[in-house]
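User: I would like to learn how to read a metal site and a helix face. Please take me through them step by step.

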Amino acid sequence: MITQQVKWDLRELFHSVNDPKINQTISEVIVLANEFEMTYRGKIVNLNADGLLQCIKSMESFQAKFGDITLFSSLSFSANMTIPLIQALHDKVNKLKASIRKQLAFYQLEIGILLNHNPQIIWEPVLHNYRHMLELVYRNVKHQLSEVEEQLIIEKDQFGVDAWKELQGKWLNTRMFDVTVLGEKKTLSYGEANGLLSHFDRTTRESANKSIYRLLGKDGEIFASALRNICNDWVNISKRRNYNSPMESSLISNDIEQEIIDNLLRTIEENAGIYRRYLKLKANLMDLPVLGNHDVVAPLPELPGLNFTFQKAQDMIIQAYNRFDTEYTTAVKEMFTKQRIDAEPRFGKRNGAFCASYYNGKSAYILNSFNGTLSDVFTLAHELGHATHDWYASRSQTLLNNDIPSIVAEIASIFGELLLTDLLLEEAKSDSERKALLCLVLDEAGMTTFQVTARVLFEQALYASIQNGEFLDYKTICNHWTVARNRIYGNAVTWFPEMEAEWTMKPHYYMANYRFYNYPYVYAQMFVYSIYGKYLQEGKAFVPKMKKALSAGSSLSPIEIGNIFDLNIAEPNFWNNGIKVFEHFIDNLQKMI
Ligand SMILES: [Zn+2]
């Protein structure tokens, strides 16, 4: 099977964009939303436990129905963004989503008021299934505004602070970059130039880096305006919502405590020397006195030309998962046999990779662009981990308990990558293949753990700066970035002066109302490394714990998920467990040098 034939089959959802069932389902969804509003608006605050249970169940069946249509529309659009019929459906469903969100905003608000009056209801046995979900709503109650205020925020953001993200995206997509690729001058789009940052040729990487960040830096004041206004807007909204800090909102949505994240970030910064040790080893492997910023994620020069067919990738991933447990591999196998993966690279398809859960199908869909590189195989193993998580959670939990926060959602995906790493290391035919593999693993984990921590430190510095009454112009923001970056990298990397503008291109800094997007990735990486350490110790006895954790969906808190593995994430030194596993990979690399 060649990758060109690997497209997903969406017919279990709808037959095509022309399927008359689509409009029929949309009409049913509108009727259901109206019925829900008529039944419950103004009445939730007076419900008893049985009434509340009924209300939550109605919301779940509404969302299950609506989920099919939003999933079909977003999958179709991601796979073929340039087809007018699909664009029209996508636009229609997006508008419907926005209007339903406004129409049903009262649901969450009224449950909040009910819990505020009667917090004991959370512990009523009849509501047992929803205990943790209600705890989270309760945690958010004191930050809720009135329905009208909430609607006003949605409306003013739409053409206000949300527009900064659009501006940043438009800037990136409308600029051209002059890059010298293997000695040949080329003018490239941002996507094309960005793809060269990990090119095997060092001079090409240097040219791409300098070209991208020089042009971004030239318009630095524009990006500074955007970021300054987004952060100041957030400071105001955080005060209105009574948050203790600009980070608190993200802590609540991640279902986690400040102290745990502080411990995590402190541990990473304290152990930055371990990452630097790897970067120095990599410099050695690349025959350089010290790495340049353009070498941090570069492939090794002697990287063997590993290339994989889609079939080979499928076989390897199934084998890697199977070594862990055969039942655990069921979802992975199904994703292939039920044609739930769209792997063909083609024009008009969304960049990157994702796994979207399909609750009604108790399954998922994966989109990626498979070009046969080792990194493509890892991406696939990662996304199939998400599909495995969905497979277990959707079988054990009702819909609202499948709303898994980012810090938990990456458990099975990163673990899946580790299973593949184990297999590939064992089967590698030469030391150079093994070195290349270990470097790939350490590059990725190093970025996710250490570079992303630098981004969190940077974001914290921006808010501290605002609190001190400092004006965030371009150079001030660049200074915050380089200081945060150097806290992690020390003298292990030298940076082009243009790299002070590195912060300008990260889209998530411009996402309004979604601050501190970063640390969940650090958390997930270190948590999974910790449980992987347990797996190495416990072997098969570990398998049921993993299944139990995935089956819990969002019905348990991250602390309770940790307890399943006999781990206490609230313990201040907990995160050293993950660091040890990172170090273990470095030790293995060192032995081969
Ligand atoms: Zn993921």
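Analyst: Begin with helices: they are DSSP runs of H or I with at least four residues, strands are E runs of at least two, and both are numbered from the N terminus. His382 and His386 are four residues apart in helix 16 (residues 374-396), so about one helical turn separates them. This is a predicted model: local features need pLDDT of at least 70 and side-chain atom pairs pLDDT 80 or more, while totals for chains, interfaces and linings use all residues. Residues are numbered from 1 along each chain as its sequence is written, and side-chain values use heavy atoms, without hydrogens and water.

User: Which residues coordinate the zinc ion?

Analyst: Donors are N, O and S atoms within 2.8 Å of the metal (3.2 Å for Na, K and Ca); water is not among the atoms, so sites may look incomplete. Here they are His382 (NE2), His386 (NE2) and two OE atoms of Glu410, at 2.1 to 2.6 Å. Their sequence spacing is H-x3-H-x23-E.

User: Is His382 buried or exposed?

Analyst: Buried means under 20% relative accessible area, exposed over 50%, partly exposed in between (1.4 Å probe, protein chains only). His382 is buried at 15%. His386 is buried too, at 14%.

User: Which residues of helix 7 are buried?

Analyst: Gln168, Trp171 and Leu172. The arc takes directions from the helix axis to the C-beta atoms. The buried residues of helix 7 fall within 95°, so they line one face. Glu166, Lys170 and Asn173 are exposed on the other side.

User: What do the buried residues of helix 7 pack against?

Analyst: Contact means heavy atoms within 4.5 Å. The partners are strand 1 (176-181), helix 8 (190-195), helix 9 (202-218) and helix 10 (220-240).
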